[in-house]
Amino acid sequence: MLSIFDIFKIGLGPSSSHTVGPMKAAAAFSGCLNDLGVLPQVKRIAAEVYGSLALTGLGHGTFDAILLGLEGSLPHDVDLETLPERLEHINSQAQLQLNGTHTIDFEVARDVVVRYSDSLPKHPNGLRFIAYDENEQSLHEQIYYSIGGGFIVTDEQFGKPPTDAVSVPYPFQNMADLLRICDEEDLSIAQVVVQNEAAISGEKPLAVRRRVAAVAQAMFDCVERGLQQRGVLSGGLNVKRRAPDLAQKMQALREAGQLNTHLWPMIYAMAVNEENAAGGRVVTAPTNGAAGVVPAVLYYFQKFHPLAAPRAIEDFLLVAGAIGILYKTNASISGAEVGCQGEVGVACSMAAGAFSAVSGGTTAQIENAAEMAMEHHLGLTCDPVGGLVQIPCIERNGIAAEKAIKLAQLSLLEDGFNKKVSLDMVIKTMLQTGLDMKSTYKETSLAGLAVTLKQKAVPISVRVVEC
Ligand code: SF4
């Protein structure tokens with residue numbers, strides 16, 4: 001059974017599949033060399049990058065992420081402050097500390113091999129690492145795939161169920177299971193998830209809640225950083241960071257009594273997604289491209305909702321995480337597989353269900369909110385301009401955050417029992433819609449707004465997108 005901490009991973013922008021995943025793969029490989037006892041014999045590493053990772057890697061920090069991963073850094077703990085200095089050191093000295101302990105020569109131009117026109121067979125985001133000894137003999141070799149949302153698998157693991165599955169007290173495959181468990185055991189969704197997470201991690205429920213609170217804090221930090229950073233995002237589109245100015249204008253209007261709080265969730269989400277596009281510290285929710293929706297709704301809840309309290313904030317993420325698990329288990333959270341409905345649509349569904357829950361919603365109302373949020377994202381394509389996670393992604397997160405709150409509020413006005421469409425039905429429909437979707441609308445930047453804007457004017461190179 002998946003953990004909610006698989007859905008909410010503290011990492012860095014701009015991409016869960018193109019930054020977080022490659023860093024984890026490189027760190028896994030260097031750790032593996034240590035476990036095999038061959039680390040001291042390694043003279044050189046070749047990092048081969050394929051398909052979508054090759055095409056977009058430079059603009060999205062994939063190659064830098066690999067260097068840092070080879071040194072043993074992981075997305076959740078890499079120090080973003082010292083990152084430019086470390087990269088400068090590796091490049092200028094042509095050396096890196098493999099697994100943090102063993103110095104090897106490393107020339108990026110020679111040792112990062114970018115296979116622009118090749119793909120590995122199982123997924124567009126492929127990497128192969130090879131460790132050589134002083135005689136240029138291979139000591140160890142491994143293929144990894146970065147399969148979306150920061151998840152990585154080895155070639156051997158691809159498509160197989162995890163072998164280290166832990167049994168949990170309340171296993172659920174779908175929403176029907178979850179509703180039945182809550183009803184039979186007289187538990188809330190948050191309580192079910194806490195018990196399962198305690199079994200998965202071997203921790204006490206209180207420790208699980210502490211970890212959830214740390215995720216919430218990371219989200220809040222991201223919103224607050226995003227509200228302060230100005231400037232232009234890198235990548236060539238010349239997109240200005242808008243969240244700080246918009247927040248200032250909103251505050252002024254509010255103080256003048258001319259505006260209520262309605263637009264705040266939109267601005268909080270934009271703050272997170274601008275931070276993501278700038279390579280800052282973000283939490284996947286469920287991906288980097290869709291990382292603004294859940295934090296925005298949660299930040300809005302803790303700032304403005306009368307029921308906001310530390311436990312309710314934890315419950316929000318426990319419920320949102322459970323809904324994310326349903327999508328990951330039964331459909332997809334990858335734009336490459338099902339379009340943006342699987343990223344921003346899923347994030348909206350998670351946030352709507354969670355907001356309903358912490359506003360006092362019953363399990364039926366929570367389900368209804370989550371279902372409506374996906375129902376009205378069905379068919380949403382992925383067409384980011386220039387392959388960057390900026391246009392339309394930043395505003396799109398804001399709109400989804402607004403929508404999540406409205407649908408949660410709507411769910412609370414009814415009992416949730418008269419609906420025609422269940423959450424399980426809409427998840428199944430989302431998957432089928434994604435499979436039917438033309439491939440140019442799934443992380444290629446070869447259709448939609450990406451093409452229209454390119455035709456219009458700007459010298460935007462079309463790249464394969466990552467999110
Ligand atoms: S449009 Fe594509 S790149 Fe942008 S948020 Fe949606 S899935 Fe991610």
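Me: Which backbone atom lies 2.8 Å from a polar atom of the side chain of D383?

Reply: The backbone nitrogen of L449 does. This is a predicted model, where local features need pLDDT of at least 70, side-chain atom pairs count only at pLDDT 80 or more, and totals for chains, interfaces and linings use all residues. Residues are numbered from 1 along each chain as its sequence is written, and side-chain values use heavy atoms, without hydrogens or water.

D383 sits in the loop between α16 (363–375) and α17 (393–412). D383 is buried, at 8% relative accessibility (buried is under 20%, exposed over 50%, partly exposed in between, with a 1.4 Å probe and protein chains only). Beyond its neighbours within four places in sequence, D383 is in contact with I391, P392, R396, A447, G448, L449 and A450 (heavy atoms within 4.5 Å).

Now look at charged pairs elsewhere. The model has 20 salt bridges (a side-chain nitrogen of Lys or Arg within 4 Å of a carboxyl oxygen of Asp or Glu). One of them joins D245 and R230, at 3.0 Å from N to O. D245 lies in helix α10 (residues 243–255) and R230 in the loop between α9 and α10, so the pair ties together parts 15 residues apart in sequence. D245 also pairs with K240, at 3.3 Å. D245 is partly exposed at 23%. R230 is partly exposed at 47%, and K240 is partly exposed at 46%. Elsewhere, salt bridges that share partners join R44, R110, D111 and E136 into one network. (Helices here are DSSP runs of H or I, at least four residues, numbered from the N terminus.)

Key
Helices (H or I, at least four residues) and strands (E, at least two) are DSSP runs, numbered from the N terminus. A polar contact is a pair of N or O atoms within 3.5 Å; within protein, one must be able to donate a hydrogen and the other to accept it, and residues adjacent in sequence count only if both atoms are side-chain atoms.
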